[in-house]
Amino acid sequence: MIDASAFLESAHRSPPPLLLELEQQGRKEDIPIVSRQVGRLLSTLVHCMQANRILELGTAYGYATLWMALALPPAGKIWTIEPDFDRTDVARSYFERAGKAGVIEIINQPATEILEIFPQRNLDIIFIDTRVDEYEQYLELCLPLLKLSGLLVLDNLLYDGAQEFNRLFLSHPQLDATIIPLGDGTGIGARIK
């Protein structure tokens, strides 16, 4: 039996140097970021859908944001919500260095204050990477923002506190959903009604 994770890491192209630098800074400063595998998945989803309207909850240092921004089609836009100004200052510096600051709008408020009045609809992808105990509330607030066939992607679903949410997510009548053991558990749900 081969070591699948080692093989896959060696088989993939190395991420761009800016993403590698951001990984190192996140680890050094103990800022939670998605795994490189989840970053690659997000990039693939954006490319395959030609997703040009993306909402992210939980920017942190902008690692996942940058994976998605580098895959955006020319008219693409990302709105990312993060109340921590210090974290988004770091994220903004990476977005600027990547030449993507113009396609990423940072919203420095709590997501619960924004989602009910968020003016964008028919989003292609919503990516959620915040505290798992907030996911149930975000699920109900985000679904109306997604287009039919749009994707809801969530990180950290194999954490101990996520089991109750996972049952809700996997059986939700508006979603065709699954959870894959990638990173800390990645949920992917397509809006079907």
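This report describes selected helices, backbone positions and contacts of one predicted model.

## Basis of the description

The model is predicted, and local features need pLDDT of at least 70, while side-chain atom pairs count only at pLDDT 80 or more and totals for chains, interfaces and linings use all residues. Residues are numbered from 1 along each chain as its sequence is written, and side-chain values use heavy atoms, with hydrogens and water left out.

Helices (H or I, at least four residues) and strands (E, at least two) are DSSP runs, numbered from the N terminus.

Two packed helices are described by the angle between their axes and the distance between the axes. For α2 (residues 17–28) and α5 (residues 85–97), the angle is about 165° and the axes are 11 Å apart. That makes α2 roughly antiparallel to α5. Axes here are lines fitted to C-alpha atoms, for helices over the stretch in contact, and angles run from 0 to 180 degrees between N-to-C directions; those under 35 degrees count as roughly parallel, over 145 as roughly antiparallel, 65 to 115 as roughly perpendicular and the rest as oblique.

On the α2 side, Leu18, Glu21, Leu22 and Gln25 meet Val90, Tyr94 and Arg97 of α5. By class, this contact has 4 nonpolar, 1 polar and 2 charged residues, where Ala, Val, Leu, Ile, Met, Phe, Trp, Tyr, Cys and Pro count as nonpolar, Asp, Glu, Lys and Arg as charged, and the others, Gly among them, as polar.

## Positive phi in two loops

Most residues other than glycine have a negative phi, and most peptide bonds are trans. Gln50, although not a glycine, has a positive phi of about 50°; Gln50 is found in the loop between α3 (36–49) and β1 (53–57) and is partly exposed, with a relative accessible area of 45%.

Asn122, also not a glycine, has a positive phi of about 55°. Asn122 lies in the loop between α6 (111–114) and β4 (123–128) and is exposed, with a relative accessible area of 51%.

## Two buried positions

Ala162 is found in the loop between β5 and α8, and is buried with a relative accessible area of 0%. Leaving aside neighbours within four places in sequence, Ala162 is in contact with Val132, Asn156 and Leu157.

Ile188, in strand β7, is buried with a relative accessible area of 16%.

Technical notes
Contact means heavy atoms within 4.5 Å. Buried means under 20% relative accessible area, exposed over 50%, partly exposed in between (1.4 Å probe, protein chains only).
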